[in-house]
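Hi,

Here is the structure I promised to pass on. Have a look through it first, and then read my notes below.

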Amino acid sequence: MTPTITDNGPVTCLSVTGMGEPGGTEHVTAVQALFTVAAALAAEHGPLTGQWWAEDERPALAVPRERWRWHMLLPLASVPAEGAVERAREQVRRACRAADRVRLATVTEGRCVELPHEGPFSEEHVSLKLMAEFMAEQGLVANGPHHEIYLTPFDDPAPRVVLRQPVRPV
């Protein structure tokens, strides 16, 4: 597959920020909180997405996964009424303590390079390399955290994800 260039305007999302490996306790708890609050809101939403980065001099894939930082995002079909997210968190607080971490956020990435990836997450490095080569050919560099749009659940035996990288000219 060949990467494409897209333009991504503002998206209103439920968001939880954290640190740790994908599928680790903090990550799983954050994802559950997003879906629990969204259900309490009765909010229509798109697929789960994640922005990933490492605060380290090394390339992100060379950093131990427990040191990865992330925003897990659940894009909403519409902006909730004022106070609705707070009421939803309160409603589910006893069943989901991590609900207090859920915030409303607006994400604007602008120009991005995207590439669908099908297969194990451990093989994403191949797709990321294709994206990096495409960016270099186009005279583009990264301009924000790596973004993944999950088209299947994390435990799907044949995961599908859209890899997205915000970019700017060199």
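**What I found**

Let's start with Val37: setting aside neighbours within four places in sequence, this residue is in contact with Leu14, Ala88, Arg89, Val92, Ala99 and Val102. Keep in mind that this is a predicted model.

Val37 also turns up in the largest nonpolar core, which has 35 residues. Along with Leu14, Leu34 and Met72, Val37 touches the most other members of that core. Which elements give two or more residues to it? They are β2 (11–19), α1 (25–41), β4 (69–75), α2 (84–92), β6 (110–118), α3 (124–138) and β9. The biggest giver is α1, with seven residues.

Next, find Ala42, in the loop between α1 and β3 (49–53). Is Ala42 buried or exposed? Its relative accessible area is 69%, so Ala42 counts as exposed, the cut-off being over 50%. The backbone is worth a look here too: phi of Ala42 is near 55 degrees, a positive value in a residue that isn't glycine. For background, most residues other than glycine have a negative phi.

Last stop: Asp156, in the loop between β8 (146–150) and β9 (160–169). Asp156 has a relative accessible area of 25%, so this one is partly exposed. What does the side chain of Asp156 reach at 2.7 Å? The backbone nitrogen of Ala158.

Definitions and conventions: Residues are numbered from 1 along each chain as its sequence is written. This is a predicted model: local features need pLDDT of at least 70, side-chain atom pairs count only at pLDDT 80 or more; totals for chains, interfaces and linings use all residues. Side-chain values use heavy atoms; hydrogens and water are left out. Helices (H or I, at least four residues) and strands (E, at least two) are DSSP runs, numbered from the N terminus. Buried means under 20% relative accessible area, exposed over 50%, partly exposed in between (1.4 Å probe, protein chains only). A polar contact is a pair of N or O atoms within 3.5 Å; within protein, one must be able to donate a hydrogen and the other to accept it, and residues adjacent in sequence count only if both atoms are side-chain atoms. A nonpolar core is a set of buried Ala, Val, Leu, Ile, Met, Phe, Trp, Tyr and Cys residues joined through side-chain atoms within 4.5 Å. Contact means heavy atoms within 4.5 Å.
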